[in-house]
Structure formats: structure tokens, C-alpha cells
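This briefing is meant to be read beside the sequence and the model. Please keep both in view while going through the points.

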Amino acid sequence: MRASRLMSLLLLLQNRGGMTAAELASELEVSERTVHRDVLALSESGIPVYADRGRRGGYRLLDGYRTRLTGLDRAEAQALFLSGVPGALREMGLQEVAATARLKAAAALSPGVRDAPATAAQRFHLDAPGWFAPGDPPPPALAPLARAVWSDRVVTASYKERERTLEPYGLVLKAGAWYLAARARSRFLIFRVDRFAGVRQEEATFDRDPGFDLAAFWAEHAAAFSRSLLRTTVTLRLSERGVRMLRHVADPAAMEDALASLRPDGTVELAVESIGVAYSQVLRFGPEAEVLDPPELRALVAGAAARMAELYGR
């Protein structure tokens, strides 16, 4: 832990030319006293770091000195590619590895472009979770699963009261929820991470299938999952405005088939998850949609329309 901090301190001084003890303490998330001790340790090990006195003083490296400790190890190189998703890195326990990787990468840049990472960070930020939902703490199983994914280790996991042996291939963060793509008995499956009751990393490793594409597998799974929810079909007659609203009201997985079924009189067959979901969707159309089938849904919407007419007719 301290060795990593000393390296980070050294790279910070190399990248920025000079920093005060307070600035270093803030970057490294330690006390100023710890910074002073770390600087002394660097000096005693032969690193030419010295202190500037006065109001604008601080620590800096002797002009011309450059460390060669800029090579990324495997974990740092992998974490660097995730550095645009800081929340995900933090939840997987990789924030310190990624921070060291970014410092090493910055140290390797020429002085003229060394501020590029900070410039980009001030202009682009990815916030993955959806709106109006407080961020939940990461699931307990996430960190051990992330370590197993990085090291290609087999895990024994308890999932829905059943113990499974899994080969964890990858993790996906979707709308604030974590999912694991894993191979079990030669089949690739998706597991929701917060439903694992326990995870134990085994000593055994597994050989990854070179043809496995995590992004493509997830896209296919997500599309199939969305389609599987659409178990009911309703028939609507839409006005011209209702047809334009369809894309904003219907489930995206139902759009292609709905548009293909659209007739000149505005009649459309719309796949929905349930009558209850269809009821909510039809109400969003307001007077731009009429339910033709099933009768159960037509009666629900007619009842709602009658209550609204009474409410607004007072």
C-alpha cells in the first residue's frame, strides 16, 4: 500500500512540476504529516525531491529528473480502459489501480499534452445510473466476482438458493444494476449480481473461449429478454398524432412489429407485457388512441375516460 502511494506521489510531482503538501495530501487522500514522511522516504532512497520555502512553496523534483517507473502492469492497463466509468471502478475495488495507471500514462506524455487527461475529464463524464433513483451500495458479491473475472478463476457461487460452479467471463453495468456473464456446463448465462448469496473464488482457472464477445452477447441477451416480456397483444386505432406518439409510448422491443402491422386506418397490433402495462400505455395516448381489443382493456380505458370526463366536467 505504501509503495503504491510513494509511486503515486513521485509521478504527481513529475507530471505537475511542483505541489504543496496540502495538494499532495488531497490527491493521495492522506494527511499532510504522511506526505512529509513519504517525501523524506523518497529522498532517503535517492530520489532528488526537495522543498521550496515561502508562500508558493511546496515539493518538486530536481529539474531534468524523470522516473522510469511508467510501465503499466497488466491490472493497471486493464483498469485504464475503464477509467471513464469511475463509479464502476469504485464498486469493483479498482479505483486505486486505475489512479496509478492514469498517473503512469500521464507521466509518459510529452509536456505539451500532459494536461490532456484533466482537460478531457472537465469536458466529458459518464453517469451510468438512471434518474430519480438513489444509488444503492454495490452488491457484496461484486468485488470477488470482479477479481475472478480479471484472473479467469472459477467460482463457486450460491444463486437463488442453489450452488453453482461458474466460469465468470464478464460484468455488465446496466441502468445501475450489475450482471455477470458466465459459462456453466458449456452454456453462457446471465446472472444478476445482487442475487448472489455468496461467492468463493477457487484456485482453478479456466480457458476463455476466444470467440466470446461480451458486448455482442449482452446485446443479444438484452433483446431476447425484452421480447420475452411481451406476452400479450392489443389492438388499437390511432389518430395521425397517435401514430407519431407510438415511438414514445410503446416498448422499444415491440416497435418494429407494431409499425409493420400499421394499417391505413391507423389500426395497429401492439405487443405488451400485460393488460396492466397496456392500460398505462394507452392512457398516455389520451384521445389519440382507441382500444379495439381485448374487451377487458377497452372496459378499463372506458372507465378511466368516464371518470376523467366527470372530474373535468364539474
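Predicted model: local features only at pLDDT ≥ 70, side-chain atom pairs only at ≥ 80, totals over all residues.

Residues are numbered from 1 along each chain as its sequence is written, and side-chain values use heavy atoms, with hydrogens and water left out. The chain contains 13 helices and 11 strands, these being DSSP runs numbered from the N terminus (helices H or I with at least four residues, strands E with at least two).

**Overall make-up**

- Of the 314 residues in the chain, 34% are buried, where buried means under 20% relative accessible area, exposed means over 50% and partly exposed lies in between (1.4 Å probe, protein chains only).
- Taking contacts (heavy atoms within 4.5 Å) between residues at least 6 apart in sequence, 61% join residues at least 24 apart.
- The accessible surface of the chain is about 19,700 Å², and 52% of this belongs to carbon and sulfur atoms; such areas come from the Shrake-Rupley method with a 1.4 Å probe, and for residues only the protein chains shown count as cover.

**Nonpolar cores**

- The largest nonpolar core has 24 residues, and those with the most contacts inside it are Val 234, Leu 236, Leu 238, Leu 246, Leu 270, Phe 285 and Leu 297; a core of this kind is a set of buried Ala, Val, Leu, Ile, Met, Phe, Trp, Tyr and Cys residues joined through side-chain atoms within 4.5 Å.
- Two or more residues of this core come from each of strand E9 (232–238), helix H10 (240–249), helix H11 (252–261), strand E10 (267–272), helix H12 (275–285), strand E11 (289–293) and helix H13 (295–312), and H12 gives the most, with five residues.
- In H12 the buried residues are Ile 275, Ala 278, Tyr 279, Gln 281, Val 282 and Phe 285, and their cover includes E9, H10, E10, E11 and H13.
- Leaving aside residues up to four places away in sequence, Leu 270 touches Thr 232, Thr 233, Val 234, Leu 236, Leu 246, Ala 250, Ala 254, Ala 258 and Gln 281.
- Another core, of 18 residues, lies apart from the largest one, and Leu 145, Ala 157, Tyr 159 and Leu 180 are among its members.

**Aromatic pairs**

- The structure holds 10 aromatic pairs, counted when the ring centres of Phe, Tyr or Trp (its six-membered ring) lie within 6.5 Å, with planes under 30 degrees apart called stacked, over 60 edge-to-face and the rest tilted.
- The rings of Tyr 159 and Phe 191 have centres 5.0 Å apart and planes at 85°, so this pair is edge-to-face; it links strand E4 with strand E7 (residues 187–192), and the two residues are 32 residues apart.
- Tyr 159 counts as buried at 7% relative accessibility, and Phe 191 counts as buried at 2%.
- The pair of Tyr 169 and Phe 212 is also edge-to-face, because the ring centres are 4.9 Å apart and the planes lie at 70°; Tyr 169 is in strand E5, whereas Phe 212, 43 residues apart from it, is in the loop between strand E8 (196–205) and helix H9 (214–229).

**Backbone features**

- The peptide bond from Asp 293 to Pro 294 is cis, with omega near 5°, and Pro 294 sits in the loop between E11 and H13.
- Asp 152, in the loop between helix H8 (142–151) and strand E4 (153–159), has a positive phi of about 55° although it is not a glycine, and it counts as partly exposed at 22% relative accessibility.
- Glu 161, in the loop between E4 and strand E5 (162–174), also is not a glycine and has a positive phi of about 60°; at 83% relative accessibility, Glu 161 counts as exposed.
- Gly 286, which follows H12, has a positive phi near 60°.

**Surface patch**

- Met 308, Leu 311 and Tyr 312 form a nonpolar surface patch with about 370 Å² of accessible area together; patches are made of residues with over 30% relative accessible area and no salt bridge, with nonpolar side chains (Val, Leu, Ile, Met, Phe, Trp, Tyr) joined within 5 Å and like charges within 9 Å.
- A salt bridge here is a side-chain nitrogen of Lys or Arg within 4 Å of a carboxyl oxygen of Asp or Glu.
- Leu 311 is found in helix H13 and is partly exposed, with a relative accessible area of 48%.
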